[in-house]
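Visitor: I've got a model to look at and a handful of questions. Could you walk me through it?

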Amino acid sequence: MEKFKNHKGYSRMYQENKLTLGLFFPIESYMGDVPEMNIEKQMKLAKRAEELNFASLFVRDVPLRDPNFGDVGQMYDPFAYLGYVAAHTKKIALGTGSIILTLRHPLHVAKAAASVDRLSGERLILGVATGDRPIEFPAFSVNPEDRSELFRESVSVMRKVWREHFPSIDSARVHMTSGDMLPKPKLSDIPLMVTGHSGQSPEWIAEHSDGWIYYPRGLKFQKALIDNWRSLTEEFKPFTQSLYIDLTEDPNHVPIPIHLGFRTGRNFVIEFLAALQDAGVNHVIINLKYGQRPVEEVIEELGEYVLPHFPALS
């Protein structure tokens, strides 16, 4: 996408017909829903991921712990945590997968996102979503039936306050007749990626987003989804997906399905990622939660054998 050619995070991750790799925080494997999140270890691994040429580091937005859901992600507020990660890294892209727009005021999201993007040197990729955990909506006094509309409002408000000085806005949650939002993103915009459908049509997503983040699906399904997505976009807009991997010591281990991914050796990982690239996937965010090996070993193996096939872009 031409408008983000000088955005450091976007240009490190995305190029047409190319696939790059990222990692989800927490960079660890763990039982249950709460990770250890040793910050010293996490920053050491983040720096190593950057050295090995991973393209991105992603965080999720999980406002409340729901033991029935199974995973609280990296636990900290995503914007505060990305600010900390930005201070410990230099060039790796920093992504959210994804900020729950329905549970946050759009002006707060706009300011937090612009702050992280400026402080990191234009490295933020802003994945956004409507949220899907039933316990969260009553806790935040939000009617889940309003999710789709609130999502659209947030996207519109954020774009406007990033781009315009002293904008006039009258929407469900914003009645702005004076005042301005600072800081502005350096490019007057931030790469904004819709996650899943977020209650919107593919046509709306194609028009109003800068890319699409989706869930792991079979190759045939994913290719058909991407082909339709490409038919709706006049310019290149990247397609991103997550993938859980439990990397075995045996490089030829055949794949065994796990939740939203597989347990397998590196040779199949390379083969599978190449097939995703052929299908049109531009970025894969790897989640190591279900891994059985030390995460340090896994990252080194991915760096030595897998990343040379899918390196971060310069």
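This is a predicted model: local features need pLDDT of at least 70, side-chain atom pairs count only at pLDDT 80 or more; totals for chains, interfaces and linings use all residues.

Visitor: How far apart are the end C-alpha atoms of H9?

Guide: H9 has 14 residues, and at 1.5 Å a residue they should span 20 Å. The model agrees with that, as the end C-alpha atoms are apart by 20 Å.

Visitor: Which residue just after H9 takes a positive phi?

Guide: Look just past the end of the helix, where phi is about 110 degrees. The residue there is Gly280.

Visitor: Which elements do the buried residues of H10 pack against?

Guide: H10 covers residues 295-306, and its buried residues are Val295, Val298, Ile299, Glu301, Leu302, Gly303 and Val306. They pack against helices H2 (39-52) and H9 (266-279), along with strands S1 (20-24), S9 (239-247) and S12 (283-287).

Visitor: Is Met37 buried or exposed?

Guide: Met37 sits in the loop between S1 and H2, with a positive phi near 55 degrees despite not being glycine. Buried means under 20% relative accessible area. Met37 has 4% relative accessibility, so it counts as buried.

Visitor: And Phe166, buried or exposed?

Guide: Phe166 lies in the loop between H6 (147-163) and S5 (169-170). Its phi is also positive, near 50 degrees. The cut-off for exposed is over 50%, and with a relative accessible area of 59%, Phe166 is exposed.

Visitor: What is omega for the cis bond from Phe25 to Pro26?

Guide: Pro26 belongs to the loop between S1 and H2. The peptide bond joining Phe25 to Pro26 is cis, with omega near -5 degrees.

Visitor: Stepping back, what is the radius of gyration of the protein?

Guide: The protein has 10 helices and 12 strands. For 314 residues the globule rule gives 20 Å, and the model comes close to that, so the protein is as compact as a globular protein of that length. The radius of gyration is 19 Å.

Definitions and conventions
Residues are numbered from 1 along each chain as its sequence is written. Side-chain values use heavy atoms; hydrogens and water are left out. Helices (H or I, at least four residues) and strands (E, at least two) are DSSP runs, numbered from the N terminus. The radius of gyration is taken over C-alpha atoms; the globule rule is 2.2 Å times the number of residues to the power 0.38. The expected span of a helix is 1.5 Å times one less than its number of residues. Buried means under 20% relative accessible area, exposed over 50%, partly exposed in between (1.4 Å probe, protein chains only). Contact means heavy atoms within 4.5 Å.
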